Amino acid sequence: MRRTLPAFVAAAFVVVLVALEAPVARGYNITRILADHPEFSTFNHYLTVTRMANEINRRLTITVLVVDNSGMADLLARHFSILTLRNVLALHVLTDYYGSKKLHQLTHGSTLASSVFQSSGRAIGTTGYINITEHSKGRVTFFSEDAGGAPPVTFVKSIKEMPYNLSILQVSSIMSSPEAEAPVAPPAAVNLTELMSSKGCLEFANLLLATPEVLKSFESNLDAGLTVFCPIDSAVRAFADKYKNLTAPGKASLLLYHGTPFYYSQQLLKTNNGAFTTLATDTHNTKYKYTVGSDGEAITVKTHLVTATITSTLIDQDPVAVYAVDKVLQPRELFKPEDASDAPAAAPSASKKHKHGAADAVAGPNDAPSDEAAADNAAFRAGSSGRWLSASAAAMAALVLAV
């Protein structure tokens, strides 16, 4: 005999099904989106040059205020340094979602929005906040808190909206901000091996010094952006036998695997939503990657073979971050799963690109495909999760309604 469930129980399952069918947040890539709009090509170019694109892509909720090429020409005519340009562009990236509809529904017709310049800690006081105001006839303006009497910029049109993750809005010109436009002193030079040697990574520093071409690859990214995960001395000593059994190209790839050609603060490491491209990643951006995320209060680096934990911060000063980890990062391209904790696998034969040295394996810091691959990976995982949840919910609802 068939049993029936109360209607409200069946209805509850239908509600669950509908909720799970809702669109799942997908990854995005700001440079790829703007590439379809040549009128913003200069703005797009400097998002990459200043590394703001990387920061935008790794945030869950963001609004980007873009200006056309003529507006950027006015900004570039002032001959700001790259570091100052980064602050100016950061002022145009809001840390909340503002679609065109929301702009016309502001409480009391006005609001203050925090920018990435404000959240970076480089803004003094509240100078990184942006005033958004709706005027008569639907006109909306933006101006920084320290505009110094400069006229506000005006909302022109919406370029792309992905509620409630990404909104790209065109504004009439670059916002003025004496604080953001102030000269920025270049960061002090960083000697990687001296820093590592003095803070618990002496053994790893010695390996870099013993392979000058690899060290040169690390150092060439110091100005553009670099994050290094250096294994602590005890981890390197425990790994010594495996390391000795690798070929010279294998050793080079292993060392390069511990660096990524982008700057990641601890906060960015915790919120990253894609695979990390490393200095060892091949030209097709399909190998020598790992993921980084938070596990409670800890930050972990996961390869397919090992999970390492960050134990300390050696330096975290844009554009360079160096973190100590408790294990040597082992890529599956060099080791078999059963060898991760035992004997080392035979080193792979040198590929064509390795014949001329380790530097041939290095992806450039502004290599657009690497950034796009991270966004695409995040989107694929989010989409796959949504499809799995939808299918599961449908099956559950069908079983319940059939009882």
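Mentor: A275 is buried, since its relative accessible area is 11%; the word buried stands for under 20%, exposed for over 50% and partly exposed for what lies in between, with a 1.4 Å probe and protein chains only. The model is a predicted one, in which local features need pLDDT of at least 70 and side-chain atom pairs count only at pLDDT 80 or more, while totals for chains, interfaces and linings use all residues. Residues are numbered from 1 along each chain as its sequence is written, and side-chain values use heavy atoms, with hydrogens and water left out.

A275 lies in the loop that links α15 (266–271) to β10. Helices (H or I, at least four residues) and strands (E, at least two) are DSSP runs numbered from the N terminus. Although 14 residues separate A275 from K289 in sequence, their C-alpha atoms are 6.3 Å apart. K289 belongs to strand β11, which spans residues 289–295 and pairs with β10 in the antiparallel sense over two bridges; strands pair if DSSP finds at least two bridges between them. Within this pairing, F276 faces Y290 of β11.

Both strands belong to an open, mixed sheet of seven, ordered β9-β8-β14-β13-β12-β11-β10. Its edges are β9 (259–260) and β10 (276–277), each of which pairs on one side only.

V64 sits in strand β1, residues 62–66, and counts as buried because its relative accessibility is 0%. Beyond its neighbours within four places in sequence, V64 is in contact (heavy atoms within 4.5 Å) with I30, F43, I56, H92, L166, S167, I168 and L169. V64 and L89 are 25 residues apart in sequence, with 9.2 Å between their C-alpha atoms.

The axes of α3 (residues 41–49) and α6 (residues 82–91) come within 10 Å and cross at roughly 115°, and the crossing is left-handed.

Four of its five residues are buried, so β5 is largely enclosed by the rest of the structure. Strand β4 (residues 129–134) runs antiparallel to β5 and is joined to it by five bridges, with T133 opposite T141. Five residues lie between the strands of this hairpin, where K137 takes a positive phi near 65°. Strand β6 (residues 153–162) is also antiparallel to β5, through two bridges, and T141 stands opposite T154 there.

For the chain as a whole, the secondary structure amounts to 16 helices and 14 strands. Of its 403 residues, 47% count as buried. Among contacts with a separation of 6 or more, 67% are between residues 24 or more positions apart.

Note on methods:
Axes are lines fitted to C-alpha atoms, for helices over the stretch in contact, and angles run from 0 to 180 degrees between N-to-C directions. A crossing is left-handed if the near helix is turned anticlockwise from the far one by less than a right angle, and right-handed if clockwise.
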